[in-house]
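Student: I would like to learn how to read strand pairing and helix packing. Please take me through an example.

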Amino acid sequence: GTISIAATSGSMTGSDFRDYVLRRGFKRTDKDTELYEATTDAIQEMRRRFMFDEAEVETTTTDTISTLGDFKLSLESDFGLLLGIIVEDSDTGTQLEKISKSKFDELYPSINAENDRGYPRSFCIYAGQIYIGPQPDRTSYVYRISYSKRAGTITSTSTVPFTDVYRDILSDLVLARLYDSLDEYDKSGYYRQRFETCFLDATRKERQNSANAVFNLISTEF
């Protein structure tokens with residue numbers, strides 16, 4: 001069965017949650033855009049993993065790069081959480097590695113150079129586009145992009161799901177994503193591990209609560 005969790009009573013606004021994340025240890029007040037993006041993605045991940053009734057639909061689209069020398073793909077308008085990209089070449093499919101923008105720049109410092117073209121190996125998301133590296137050496141590649149549809153972008157005035165009961169867990173995941181985007185992998189790993197541990201416990205509790213609710217309903221009918 002699926003788990004249903006109400007996340008309205010006592011929920012924070014985007015601005016309140018931003019301040020909460022800062023109080024929990026993230027001191028970069030110049031990263032509000034990244035913080036709200038990380039919150040949007042973290043909510044998508046929690047919804048998908050909690051198996052909500054209202055979980056967003058996962059979908060797949062294909063795209064190509066028609067101009068040799070280009071290395072960017074546009075994100076779909078309903079893009080939420082990117083699940084993966086496979087580059088298809090005839091009957092061969094290869095999973096691309098997702099990396100941060102800074103890592104992308106480090107690996108492909110001459111991304112626009114013709115002599116650095118090659119078979120696609122990795123990608124990053126930046127400025128509303130998908131960057132493919134290295135610069136593809138042909139236009140015949142097909143990029144199969146799997147993603148979950150966006151439930152809604154978190155802004156300063158949004159109501160943030162999960163923050164009535166699971167604000168600590170959500171903030172751990174947001175911090176993990178933020179530090180990963182800054183290539184601070186020790187901190188990212190620390191908060192990711194905290195999230196996974198607490199999320200597992202929360203999932204068990206929700207399943208128990210769901211089972212108890214069903215049992216109580218049956219008991220009152222007989």
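**Reading the strands and helices**

Tutor: In β6, Phe123 is the bridge partner of Lys98. This is a predicted model, in which local features need pLDDT of at least 70 and side-chain atom pairs count only at pLDDT 80 or more, while totals for chains, interfaces and linings use all residues. Residues are numbered from 1 along each chain as its sequence is written, and side-chain values use heavy atoms, with hydrogens and water left out.

Student: In which sense do β5 and β6 pair?

Tutor: Strands of a sheet pair through backbone hydrogen bonds, either parallel or antiparallel. Here β5 (residues 97–98) and β6 (residues 122–126) pair in the parallel sense, over two bridges. Pairing requires at least two bridges found by DSSP. Strands (E, at least two residues) and helices (H or I, at least four) are DSSP runs, numbered from the N terminus.

Student: What do β5, helix α3 and β6 make?

Tutor: With α3 (residues 101–107), they make a right-handed β-α-β unit. Right-handed means that, with the strands pointing away from the viewer, the path from the first strand over the helix to the second runs clockwise.

Student: How many bridges join β6 to β7?

Tutor: Five, and the two strands run antiparallel; β7 covers residues 129–133. Ser122 stands opposite Gly133 in β7. The hairpin of β6 and β7 has two residues between the strands, and Ala127 takes a positive phi near 55°.

Student: What is the strand order in the open sheet?

Tutor: The order is β2-β7-β6-β5, four strands with mixed pairing. The edge strands, β2 (72–74) and β5, each pair on one side only. β2 pairs with β7 in the antiparallel sense over three bridges. Leu73 stands opposite Ile130 in β7.

Student: Now the helices. At what angle do α2 and α4 pack?

Tutor: Two packed helices are described by the angle between their axes and the distance between the axes. For α2 (residues 32–50) and α4 (residues 167–181), the angle is about 125° and the axes are 9 Å apart. Axes are lines fitted to C-alpha atoms, for helices over the stretch in contact, and angles run from 0 to 180 degrees between N-to-C directions. The two helices are therefore oblique to each other. Angles under 35 degrees count as roughly parallel, over 145 as roughly antiparallel, 65 to 115 as roughly perpendicular and the rest as oblique.

Student: How are α1 and α2 placed?

Tutor: α1 (residues 14–23) and α2 pack at about 105°, with axes 11 Å apart. They are therefore roughly perpendicular to each other. Among the residues in contact (heavy atoms within 4.5 Å), Phe17 and Val21 in α1 meet residues of α2 that include Leu35 and Tyr36.
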